[in-house]
Amino acid sequence: MKNSKNFNLFLMDGEVTGRIKCTLSNWTGLAYKVPRPYLEKCKDRQDLKQSGVYFLFGKNEDGDDEVYIGQAGIRKNGEGVLFRVAEHLKDEIYFSDAVMLTTQNNSFGPTEISYLENKFTNMAIDVDRYKVRNGNDPNPGNVTEEKESELEDFIEYSKMVLGVLGYKIFVPMVNREFKIEEKIDDELLYLNTKTKKSGKVIKAKCKRTSEGFVVLKDSMIEIIDSKSLPKSIKELRDKCKVNSEIIDGKLTRNFLFNSPSYAAMFVLGMSRNGKTEWKTKNGTTLKELEEKELRDTK
């Protein structure tokens, strides 16, 4: 329980689809999640006229999650982060929600927000859950080591706040403590199947997480589709080939699926029961493993 946190979520409009203000005990930060149609309602909030960083969330034409990360200082007219976000309403690229981060004591200056924008952008690129729309690498600014330590604390809390608000932009699909190169076989599931379509033995690795099943980078992918393959999986495989996320029959990044069968079908290009296809190092099927885990909880 030592890492437990108490977040305070205030539904400003009395509904979960409206504006949400988020605070956290012992954190000087302040977060607002504002749906696009509600931005005008925030124009009189003084804390959103301060300096801050912001995240604009939306989807691209392919249905992929996208984010634009920016910063805003206080302008001569007294406007701050909200005014800058509102300027993006004129952009061609659409966003559905904005999350704005500032402080309760108006302590951010130009150097601090530049540092935060740079860190948040590079973290989002590294985690690779969202397509980051920023065209350039933001300037990190020059901060003292004391200020850097203070800002890193702000970043750690901000990562949790974004997650609580529904955006796992900084949550790795596979825990950073899990080192694939160390081959912790007990934590992995394997698929090893020879397909009739290409005659190849397809070998893939998968990690169970609290979110679902992550097919790991460098897993082999059968490139030929079966007629029985569900349309959604076929479209995903086609998109991965176009985007160079499958090269020479190998996956170039981790992919998360909410079921073992979808993960298996993505790998093999055909309808498959993931509970029997995925196995532990010792040959135990996922179905058998889950049955054992269920017995052990009784």
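Why does Asp47 count as buried? Asp47 has a relative accessibility of 16% and therefore falls in the buried class, which covers residues under 20% relative accessible area, with exposed meaning over 50% and partly exposed in between (1.4 Å probe, protein chains only). The structure is a predicted model, in which local features need pLDDT of at least 70 and side-chain atom pairs count only at pLDDT 80 or more, while totals for chains, interfaces and linings use all residues. Residues are numbered from 1 along each chain as its sequence is written, and side-chain values use heavy atoms, with hydrogens and water left out.

Asp47 is located in the loop between strand E3 (29-35) and strand E4 (52-59); helices (H or I, at least four residues) and strands (E, at least two) are DSSP runs, numbered from the N terminus. Beyond its neighbours within four places in sequence, Asp47 is in contact (heavy atoms within 4.5 Å) with Leu30, Tyr32 and Thr102. The side chains of Asp47 and Tyr32 are joined by a polar contact of 2.7 Å. A polar contact is a pair of N or O atoms within 3.5 Å; within protein, one must be able to donate a hydrogen and the other to accept it, and residues adjacent in sequence count only if both atoms are side-chain atoms. Leu30 has Thr102 as its bridge partner in E6.

The strands form an open sheet of 7 strands with mixed pairing, in the order E1-E2-E3-E6-E4-E5-E7. Strand E1 (7-11) and strand E7 (131-132) are at the edges with a single partner strand each, so one side of each has no neighbour in the sheet. Two strands pair if DSSP finds at least two bridges between them. E3 and strand E6 (residues 97-103) run antiparallel and are joined by 7 bridges. E4 and E5 are also antiparallel, with 8 bridges, and Gly52 stands opposite Ala72 in E5. The hairpin of E4 and E5 has 5 residues between the strands, and Gly63 takes a positive phi near 85 degrees there. E5 and E7 pair in the parallel sense over 2 bridges, with Glu66 opposite Lys131 in E7.

Helix H2 (residues 110-127) lies across E4, strand E5 (65-72), E6 and E7, at about 165 degrees to E5. Axes are lines fitted to C-alpha atoms, for helices over the stretch in contact, and angles run from 0 to 180 degrees between N-to-C directions. Asn118 lies in helix H2 and counts as buried because its relative accessibility is 11%. Asn118 is in contact with Asp137, Pro138, Asn139 and Pro140, leaving aside its neighbours within four places in sequence.
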